[in-house]
Amino acid sequence: MTVLEVENIYKSFGRIDVLKDVSFSLEEGQVLSIIGSSGSGKTTLLRCLNFLEHPDKGVIRVNGETLFDADDASTQKESHIRSKRLHFGLVFQSFNLFPQYTALQNVMLAKELLAKERPDYKAKKKEIYEEIKAQAEELLRQMGLENRMNNYPHQLSGGQCQRVAIARALALEPDILCFDEPTSALDPELTGEVLRVIKELADKKTTMIIVTHEMSFAKEVSNQVIFMDDGRILEQGDPIEVFEHPKEERTRHFIGSIKSN
């Protein structure tokens with residue numbers, strides 16, 4: 001089943017064209033890795049999917065529903081953006097945890113805010129809270145943080161903070177979990193613990209998009225790989241095709257430069 005369809009996405013900032021006619025699709029339970037040099041448009045693409053940026057042209061569909069169509073103003077209402085974002089869980093490079101909240105509170109927060117809009121919230125406030133708390137605790141246990149739930153971000157390592165961020169993204173049960181260079185802010189010794197968590201999610205058939213420079217990891221977990229260059233998808237295929245038999249010279253150069261570092 002096709003979960004995500006992205007068609008002909010363009011995005012410019014002033015006179016700079018950052019995304020140029022980007023199109024791809026993603027099946028349920030698959031992992032898509034996006035690789036490419038800095039400035040190739042990878043992060044902007046994720047931000048467009050999560051509606052932190054608005055594409056200038058193109059269409060975004062999730063489970064057959066058109067979430068954005070540049071030619072249809074009814075799909076661009078600001079009042080609908082929050083509900084559209086629920087389809088995508090986004091894990092940032094720099095964790096973005098609230099420093100005044102514990103790990104558990106960070107994971108619970110978004111679900112609590114949404115619960116307050118339920119018509120039965122006042123009548124079932126305690127029951128709803130306990131349900132949200134139990135789900136957050138289970139997610140943190142899955143992240144290996146059962147003994148860190150009441151710690152604040154400054155009391156956690158970078159790897160632990162990123163695992164809290166992953167639990168927070170999962171709490172809203174998104175259709176697609178997106179990662180923007182999830183290990184780039186981590187020391188090398190902490191990178192492995194975050195990659196192990198993502199690998200476990202892949203093994204559970206979690207639908208994911210991963211922007212990464214971890215080439216061996218992308219090759220191991222991905223069902224398909226996209227190489228972006230100068231705002232375009234230059235090459236796309238399964239990991240063996242892209243990493244071992246790239247068709248484009250720019251792809252070969254990029255992969256070769258990563259391997260040599």
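**Positions, packing and pairing**

Modeller: Glu173 sits in the loop between helix 5 and strand 7 (176-180). Bear in mind that this is a predicted model.

Biologist: Is Glu173 called buried, partly exposed or exposed, and what makes it so?

Modeller: Its relative accessible area is 57%. The cut-off for exposed is over 50%. Glu173 is therefore exposed.

Biologist: What makes the phi of Glu173 worth a remark?

Modeller: Most residues other than glycine have a negative phi. Glu173 has a positive phi, near 50 degrees, and is not a glycine. Asn8 is another such case, with phi near 55 degrees. Asn8 lies in strand 1.

Biologist: Now helix 3 and helix 5. Why are they called roughly parallel or roughly antiparallel?

Modeller: Helix 3 (residues 103-115) and helix 5 (residues 158-171) pack at an angle of about 25 degrees. Angles under 35 degrees count as roughly parallel. The two helices are therefore roughly parallel to each other. Their axes are 8 Å apart, and helix 3 passes helix 5 in a right-handed crossing.

Biologist: Which residues of helix 3 and helix 5 meet?

Modeller: Helix 3 brings Ala103, Asn106, Val107 and Lys111. Helix 5 brings Val164, Ala167, Arg168 and Ala171. By class, this contact has five nonpolar, one polar and two charged residues.

Biologist: What makes strand 9 largely enclosed by the rest of the structure?

Modeller: Strand 9 covers residues 224-229, and six of its six residues are buried. For each, that means a relative accessible area under 20%. So strand 9 is largely enclosed. Both faces take part: Gln224, Ile226 and Met228 point one way, Val225, Phe227 and Asp229 the other way, and all are buried.

Biologist: How do you know that strand 9 pairs with strand 3, and in which sense?

Modeller: Pairing needs at least two bridges. Four bridges join strand 3 (residues 31-35) to strand 9, and the two run parallel. Ile35 stands opposite Phe227 here.

Biologist: How many bridges join strand 9 to strand 10, and how do the two run?

Modeller: Five bridges join them, and they run antiparallel. Strand 10 covers residues 232-237. Ile226 stands opposite Gln236 in strand 10. In the hairpin of these strands, two residues lie between them, and Asp230 takes a positive phi near 55 degrees.

Biologist: Turn to the open sheet. In what order do its strands lie?

Modeller: The order is 2-1-4-5, with antiparallel pairing.

Biologist: Why are strand 2 and strand 5 called edge strands?

Modeller: Strand 2 (16-27) and strand 5 (65-69) each pair on one side only. On average, neighbouring strands of this sheet are turned by 15 degrees against each other, direction ignored.

Biologist: What makes strand 1 and strand 4 a pair?

Modeller: Strand 1 (residues 2-13) and strand 4 (residues 57-62) share five bridges in the antiparallel sense. At least two are required. Within this pair, Glu5 stands opposite Arg61 in strand 4.

Biologist: Which strands does helix 1 touch?

Modeller: Helix 1 (residues 42-49) packs on the sheet and touches strand 1, strand 2 and strand 4. Its direction makes about 65 degrees with that of strand 2.

Notes:
Residues numbered from 1 in each chain as written. Predicted model: local features only at pLDDT ≥ 70, side-chain atom pairs only at ≥ 80, totals over all residues. Heavy atoms only, no water. Axes fitted to C-alpha atoms, helices over the stretch in contact; angles between N-to-C directions. Contact = heavy atoms within 4.5 Å. Buried < 20%, exposed > 50% of the residue type's maximum accessible area, 1.4 Å probe, protein only. Parallel < 35°, antiparallel > 145°, perpendicular 65-115°, else oblique. Left-handed = near helix turned anticlockwise from the far one by under 90°. Nonpolar A, V, L, I, M, F, W, Y, C, P; charged D, E, K, R; others polar.
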